[in-house]
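Subject: A structure for you to look at

Dear colleague,

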Amino acid sequence: MDSSASAFTDTLPDGLQETLLAVLDAALELSDADFGNIQLLGEDGRFRLVAQRGFPDWWIQHWDNRSAQAHGVSAERLRSEQRIFVEDVRQSPMFSASADAEAMARLGVQAAQSTPLRGRSGQVIGLFSTHYRRPLHPSERALKVLDLLAEHAAFAIERAQAETALTELEARAFAVYVHAPIGIFEVEMGTLRVTRANPAFCRMLGYTEAELIGLHTLDDLTHPDDRAVGWRSWKKVLRSGTGNHRDVRNKRYLHKNGEPVWVERDVSFVPDAH
C-alpha cells in the first residue's frame with residue numbers, strides 16, 4: 001500500500017500537502033525519479049515527513065522510527081547545507097548503517113539526492129529528496145529542475161505557514177475583542193451605523209449586538225447634548241487619514257432605557273484598502 005505521508009501531516013496547513021504532492025509528481029516525471037519525499041525541519045531539530053510519492057507503508061514506518069535522529073542523506077544534508085547526490089548508495093558511507101542499507105536494498109534504491117528547502121531568510125526549513133532504482137549521474141538539466149521545484153516547495157511552505165500564523169493572530173485578536181472588559185464597537189464611515197459591538201459594549205447600553213447592528217447610528221446612541229462634541233471629535237479623527245490617530249474624551253451615551261451612561265471614549269480610525 002502506498003501512503004502519501006506519515007502521521008505528521010495532520011499538523012500541516014490546509015492545502016499545503018496537495019501542493020507538495022504536486023511538486024513531487026513533477027519531480028518524478030521531470031527527473032525520472034522513482035520515489036520522492038519532502039521533509040520539514042521542526043523546532044526540535046527533527047525532520048518530519050510531510051509528503052511522499054512511491055514509498056510503501058513499511059518504508060514510512062522505518063523512516064518515522066529513525067526520524068528521532070537525522071540519518072543518511074538527510075544527516076549529511078543538514079551538516080553541509082548543500083545538495084547531496086549519492087550516485088550509488090551501495091558504495092556510499094552515508095548508508096553504512098545496517099537498518100538504512102537494508103531498507104534501501106529492500107526498496108531497490110540505488111541512487112538518491114536531497115536538496116535543501118530554504119526560506120526567504122536563507123535558512124534551511126526542510127528537505128526535498130528523490131530516489132532512483134539505478135545508479136545515476138545527474139545531468140545539469142535535472143539539477144536545475146530540482147532546484148526550481150525546491151524553490152516552489154519552500155515558497156508554498158512559507159506562504160502556508162504565514163497564512164496559518166495570520167489566522168491564529170486574528171483568532172487571538174477576536175478573543176481579546178470578545179472577552180475585553182471595556183466596550184468596543186465599530187461604525188461605518190458614511191452612515192455612522194453600528195456594524196459591530198462586543199459583549200461589554202452591549203451590556204453597557206443594554207442592547208444585544210443584533211439590536212445595535214444596522215438599526216442604530218452613533219447619533220442614536222449619543223446623548224443629544226453631546227452630539228455636537230462627538231461630531232467634532234469624529235471629524236478630527238477622519239481628517240487625520242491614518243489608522244493611528246486617536247481622540248479620547250468623556251461623553252454620554254444613552255442606555256436602552258433612556259438613562260445617560262458616562263463613558264471615557266477612545267476613537268480610532270481604522271482604514272481599509274481604499
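Before the details, one definition is needed: a residue counts as buried when its relative accessible area is under 20%, as exposed when that value is over 50%, and as partly exposed in between. Please also keep in mind throughout that this is a predicted model.

With that definition in hand, is histidine 223 buried or exposed? Its relative accessibility is 15%, and because this is under the 20% limit, histidine 223 counts as buried. Histidine 223 is found in the loop between helix 8 (218-221) and helix 9. Once its neighbours within four places in sequence are left aside, histidine 223 is in contact with Arg252, Tyr253, Leu254 and Pro260.

The protein as a whole

The protein has nine helices and nine strands, and of its 274 residues, 42% are buried. If you take the contacts with a separation of 6 or more, 54% of them are accounted for by residues 24 or more positions apart.

Aromatic rings

Two numbers are worth looking for here, since a pair of aromatic rings is described by the distance of the centres and the angle of the planes. The structure holds seven aromatic pairs. One of them joins phenylalanine 185 and tyrosine 253, whose ring centres are 6.0 Å apart and whose planes meet at 80°, so the pair is edge-to-face. Because phenylalanine 185 belongs to strand 6 (residues 185-187) and tyrosine 253 to strand 8 (residues 246-254), this pair ties together parts that are 68 residues apart in sequence.

Phenylalanine 201 is buried, with a relative accessible area of 2%. Elsewhere, Phe35, Phe55 and Trp59 form one aromatic cluster.

Two arginines are placed over aromatic rings: arginine 106 lies over the face of tryptophan 58, 3.9 Å from the ring centre, and arginine 196 lies over the face of tyrosine 177, 4.2 Å from the ring centre.

The largest pocket

Where might you look for empty space? Rolling a probe the size of a water molecule over the atoms shows where such space is left. The largest pocket has a volume of about 900 Å³, and it is lined by 27 residues, of which Ile184, Phe185, Glu186, Asp266 and Ser268 lie nearest its centre. Strand 6, helix 6, helix 9 (227-240) and strand 9 (260-268) are the elements that give two or more residues to this lining, and the largest share, six residues, comes from strand 9. By type, the lining residues of the largest pocket divide into 18 nonpolar, three polar and six charged.

Loops to inspect

Most residues other than glycine have a negative phi. Against that background, which value does phi take in aspartate 32? Phi of aspartate 32 is near 60°, a positive value in a residue other than glycine, and the residue is located in the loop between helix 1 (16-30) and strand 1 (35-41). Leucine 192 likewise has a positive phi near 60°, and its place is in the loop between strand 6 and strand 7 (194-197). Aspartate 32 is partly exposed, with a relative accessible area of 49%, while leucine 192 counts as buried at 5% relative accessibility.

Finally, glycine 119 sits in the loop between strand 4 (111-118) and strand 5 (124-132), and at 12% relative accessibility it counts as buried. Apart from neighbours within four places in sequence, glycine 119 is in contact with Ile125 and Glu158. Its C-alpha atom is separated by 8.6 Å from that of glutamate 151, a residue 32 residues apart from glycine 119 along the chain.

With best wishes

How values were computed. Residues are numbered from 1 along each chain as its sequence is written. This is a predicted model: local features need pLDDT of at least 70, side-chain atom pairs count only at pLDDT 80 or more; totals for chains, interfaces and linings use all residues. Side-chain values use heavy atoms; hydrogens and water are left out. Rings of Phe, Tyr and Trp (its six-membered ring) pair if their centres lie within 6.5 Å; planes under 30 degrees apart count as stacked, over 60 as edge-to-face and the rest as tilted. Helices (H or I, at least four residues) and strands (E, at least two) are DSSP runs, numbered from the N terminus. Buried means under 20% relative accessible area, exposed over 50%, partly exposed in between (1.4 Å probe, protein chains only). A charge sits over a ring if NZ of Lys or CZ of Arg is within 6 Å of the ring centre and within 35 degrees of the ring normal. On a 1 Å grid over the protein atoms alone, a cavity is a set of points where a 1.4 Å probe fits but cannot get out, and a pocket is an open set with protein on both sides within 12 Å along at least five of seven lines; lining residues have an atom within 4 Å of a point. Grid points are joined across faces, edges and corners, and a volume is the space filled by probe spheres set on the points. Ala, Val, Leu, Ile, Met, Phe, Trp, Tyr, Cys and Pro count as nonpolar, Asp, Glu, Lys and Arg as charged, and the others, Gly among them, as polar. Contact means heavy atoms within 4.5 Å.
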